[in-house]
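Biologist: Hi! Could you walk me through this model?

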Amino acid sequence: TVRGNVEVLLVHRPGEGYDDWTFPKGKKDSMDESDEDCALREVYEETGYLCQLGHEIARVSYLDRKSRDKRVRYWAMTVLGGHEELSNEVDEVRWISIDKLRTKLTYERDEKVVNAFRAYLESGLADHL
């Protein structure tokens with residue numbers, strides 16, 4: 001079983017064609033930016049939270065609403081500082097317990113990330129969280 005009260009941060013994107021609840025994510029600023037640096041930057045830009053990167057949780061591929069191939073990597077993160085500060089792409093953030101995540105997520109593909117995160121937590125590898 002999962003120990004403690006682990007919560008996951010979701011963002012609401014109100015933009016045209018979105019109106020969704022999902023995990024923070026985005027694109028690299030440059031080809032020189034690593035996936036890890038991109039993940040930390042995007043979480044900060046979308047939420048205002050400075051985080052420490054943890055274990056990689058999942059890799060998901062899908063076609064977006066414009067039929068473009070998307071490949072996304074997800075990591076566990078620990079908030080180190082900052083405060084909620086929304087971007088122009090995000091109008092709300094919400095901390096949700098892992099047990100209630102499925103009721104809020106817009107996309108089925110995000111459930112794969114939840115399943116992978118739950119497996120990670122139950123493995124005992126995340127005891128430091």
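Predicted model: local features only at pLDDT ≥ 70, side-chain atom pairs only at ≥ 80, totals over all residues.

Modeller: Happy to; we can go from the overall fold to the sheet, then to the charged residues. Residues are numbered from 1 along each chain as its sequence is written, and side-chain values use heavy atoms, with hydrogens and water left out.

Biologist: Great. How many helices and strands does the protein chain have?

Modeller: There are 2 helices and 5 strands. Helices here are DSSP runs of H or I with at least four residues, strands are E runs of at least two, and both are numbered from the N terminus. Starting at the N terminus, the order is β-β-α-β-β-β-α.

Biologist: And what is the radius of gyration?

Modeller: It is 14 Å, close to the 14 Å that the globule rule gives for 129 residues, so the chain is as compact as a globular protein of that length. The radius is taken over C-alpha atoms, and the rule is 2.2 Å times the number of residues to the power 0.38. Those C-alpha atoms fill a box of roughly 40 × 30 × 25 Å along the principal axes.

Biologist: What share of the residues is buried?

Modeller: Buried residues make up 39% of the 129. Buried means under 20% relative accessible area, exposed means over 50%, and partly exposed is in between, using a 1.4 Å probe and protein chains only.

Biologist: On to the sheet. Which strands are in it, and in what order?

Modeller: Three strands form an open sheet in the order β2-β1-β5, with antiparallel pairing. Two strands count as paired if DSSP finds at least two bridges between them. The edge strands are β2 (20-22) and β5 (92-97), each pairing on one side only.

Biologist: How many bridges hold β1 to β5, and to β2?

Modeller: Strand β1 (residues 7-13) pairs with β5 over 6 bridges and with β2 over 3 bridges. On the β5 side, V8 stands opposite I96 and L9 has W95 as its bridge partner. On the β2 side, H12 stands opposite W21.

Biologist: Is β1 enclosed or open?

Modeller: Of its 7 residues, 6 are buried, so β1 is largely enclosed by the rest of the structure.

Biologist: Let's switch to charges. How many salt bridges are there?

Modeller: The structure holds 16. A salt bridge here is a side-chain nitrogen of Lys or Arg within 4 Å of a carboxyl oxygen of Asp or Glu.

Biologist: What network are they part of?

Modeller: Salt bridges link K28, D35, E36, E56, R59 and R73 in a network. R59 lies in strand β3 (residues 49-63) and counts as exposed, with 60% relative accessibility.

Biologist: Which pair has buried partners?

Modeller: R41 and E42 are one example, with their closest N and O atoms 3.1 Å apart. R41 is buried at 16% relative accessible area, and E42 is buried at 9%.

Biologist: And E46, which helix is that in?

Modeller: E46 lies in helix α1 (residues 35-47). E46 is buried yet has no salt bridge, and the nearest side chain of opposite charge, R13, is 6.2 Å away. For charge, Lys and Arg count as positive and Asp and Glu as negative, while His and the chain ends are not counted.

Biologist: What does E46 touch, then?

Modeller: Leaving out residues up to four places away in sequence, its contacts include V11, P24, K25, E85 and L86. Contact means heavy atoms within 4.5 Å.
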